[in-house]
Amino acid sequence: MASVASNKPNKPGTYDVARQGKLCLCCQQEIPPGEKLMAALREIPAGFERLDVCMACWPNLDRKDVLGFWQTVRRQHEQKKQLFVDDQVLCELFERLADTTEPAKVNFRFVLGLILMRKRMLVYEGTRFEHDRELWTLRVKGKDQKLEMLNPRLNEAQVSEVSQQLSEILNEEL
């Protein structure tokens, strides 16, 4: 099921991404608790949208605007959340957001980059300053291609907000 924001207003520069749904986006059948499904993140004008698709429908899903996807399991109500997104999917999402200029997405990419650096999936190469912008040069572990990441100089509250967004998308407390 595609799930976006709730009806409550967001703080400027944040996205409210819904949690795992119960229904398959394609066939509208309930995905039983404990059953495997594919979750995807799609960019839409309002921000990011989470898609939940049963394994039977996944091969037929149009993935044109999908930024990343991962296999997960439909949670039991009391079940503790677990991270089912592998590091490669997170690296691909980081790379796909490289050309974004929208402040909320730049903030999202920056925190995702910090998480990937902590997991040793991104390697810090150096910093350069361009006018009033601080650009970090990084590379994905095992690759030679260099990537740049803008440091948006987030305050603690902004980092917390973006971390919450990542937590909701990945079903894991970061």
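Me: Is Lys143 buried, partly exposed or exposed?
Reply: Lys143 counts as partly exposed, at 34% relative accessibility. Buried means under 20% relative accessible area, exposed means over 50%, and partly exposed lies in between (1.4 Å probe, protein chains only). Note that this is a predicted model: local features need pLDDT of at least 70, side-chain atom pairs count only at pLDDT 80 or more, and totals for chains, interfaces and linings use all residues. Residues are numbered from 1 along each chain as its sequence is written, and side-chain values use heavy atoms, with hydrogens and water left out.

Me: Which side chain does Lys143 meet in a salt bridge?
Reply: That of Glu95, at 3.4 Å from N to O. A salt bridge here is a side-chain nitrogen of Lys or Arg within 4 Å of a carboxyl oxygen of Asp or Glu.

Me: How many salt bridges does the structure hold?
Reply: It holds 13. One of them joins Glu30 and Arg74, with the closest N and O atoms 3.6 Å apart. Glu30 lies in the loop between strands E1 (2-3) and E2 (36-44), and Arg74 in the loop between strand E4 (66-73) and helix H1 (87-96).

Me: Is Arg74 buried or exposed?
Reply: Arg74 counts as buried, at 5% relative accessibility.

Me: What does Lys146 pair with?
Reply: Lys146 forms a salt bridge with Glu125, and the closest N and O atoms are 3.1 Å apart. Lys146 is in strand E7 and Glu125 in strand E5 (residues 122-130), 21 residues apart. Lys146 is partly exposed at 48%, and so is Glu125 at 35%.

Me: Which residues are linked in a network?
Reply: Arg128, Glu130, Arg133 and Glu148 are linked by salt bridges.

Me: New topic. How many disulfides are there?
Reply: Zero, counting a disulfide as a pair of cysteine sulfur atoms within 2.5 Å. Cys27 is in none, and the nearest cysteine sulfur, in Cys24, is 3.7 Å away.

Technical notes
Helices (H or I, at least four residues) and strands (E, at least two) are DSSP runs, numbered from the N terminus.
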